[in-house]
Amino acid sequence: MKKIFSLFVALFVLVAVSYAQKGVLKFAKETHDFGKVEQGKPVTYVFEFKNTGTDPVVINDAQASCGCTKPSWTREPVMPGKTGTVSATFNAAAAGPFNKSVTVTSNAEAGQTVLYLKGEVVSAAAAAETAAAPAAAPAAKDKKKSTKTSR
């Protein structure tokens, strides 16, 4: 009876230890805000992650929430302590705010991680105005200062 009990305990410990050893994906950032993006120009962000677990992590798939976003990822196993990437390219075709997601499926402890891209697509003319406005603002500010000091 003691042998059976000892065998049962040994089997239980072996199973518990094997389940405890998993890869863990730790992303540096799970949301990226592009801010204002010029219409017609695709933009890309690379999400970096580290495997903080004890087993290698393999990303099986990265699925975008729509056809306007294309993900790519590290295909080889990411060993414990090493880093990998998930890249997401958003095609800024339609004007307006956007909030897109990429669902990463792996053999890691959590199984799935959702990454987010957000921002606002503006027309090329609006993007040019936004870029020119900060350059004009300091000149106007300096002009005001000179009129105040002349009084």
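## Helices and strands

The protein chain contains two helices and eight strands, where helices (H or I, at least four residues) and strands (E, at least two) are DSSP runs, numbered from the N terminus. Reading from the N terminus, the order of elements is α-β-β-β-β-β-β-β-β-α. Please keep in mind that this is a predicted model, in which local features need pLDDT of at least 70 and side-chain atom pairs count only at pLDDT 80 or more, while totals for chains, interfaces and linings use all residues. Residues are numbered from 1 along each chain as its sequence is written, and side-chain values use heavy atoms, with hydrogens and water left out.

Four strands make an open sheet in the order 2-8-7-4, with mixed pairing; two strands count as paired if DSSP finds at least two bridges between them. Strand 2 and strand 4 (59–64) are at the edges with a single partner strand each, so one side of each has no neighbour in the sheet. On average, neighbouring strands of this sheet are turned by 20° against each other, direction ignored (axes are lines fitted to C-alpha atoms, and angles run from 0 to 180 degrees between N-to-C directions). In general, strands of a sheet pair through backbone hydrogen bonds, either parallel or antiparallel.

Strand 2 (residues 31–38) and strand 8 (residues 112–122) run parallel and are joined by six bridges. Here Thr 31 stands opposite Tyr 116, and His 32 has Leu 117 as its bridge partner. Strand 7 (residues 96–106) runs antiparallel to strand 8, with ten bridges between them. Thr 105 stands opposite Gln 112 of strand 8. Strands 7 and 8 form a hairpin with five residues between them, and Gly 111 in the turn has a positive phi of about 85°.

## Two salt bridges

A search of the whole structure turns up two salt bridges, each being a side-chain nitrogen of Lys or Arg within 4 Å of a carboxyl oxygen of Asp or Glu. In one of them, Lys 36 pairs with Glu 120, and the closest N and O atoms are 3.3 Å apart. Lys 36 lies in strand 2 and Glu 120 in strand 8, so this pair ties together parts that are 84 residues apart in sequence. Lys 36 is exposed at 52% relative accessibility, whereas Glu 120 is partly exposed at 31% (buried means under 20% relative accessible area, exposed over 50%, partly exposed in between, with a 1.4 Å probe and protein chains only).

Lys 41 forms a salt bridge with Glu 38, where the closest N and O atoms are 3.6 Å apart. Lys 41 is partly exposed at 46% relative accessibility, and Glu 38 is partly exposed at 28%.

## Core and surface

The largest nonpolar core has 23 residues, and those with the most contacts inside it are Phe 27, Phe 49, Val 86, Phe 90, Phe 98 and Leu 117. Such a core is a set of buried Ala, Val, Leu, Ile, Met, Phe, Trp, Tyr and Cys residues joined through side-chain atoms within 4.5 Å. Among the elements that give two or more residues to this core are strand 1 (25–27), strand 3 (43–51) and strand 6 (83–90). Leaving aside neighbours within four places in sequence, Phe 90 is in contact (heavy atoms within 4.5 Å) with residues including Pro 42, Cys 68, Phe 98 and Leu 117.

Of the 151 residues of the protein chain, 26% count as buried.
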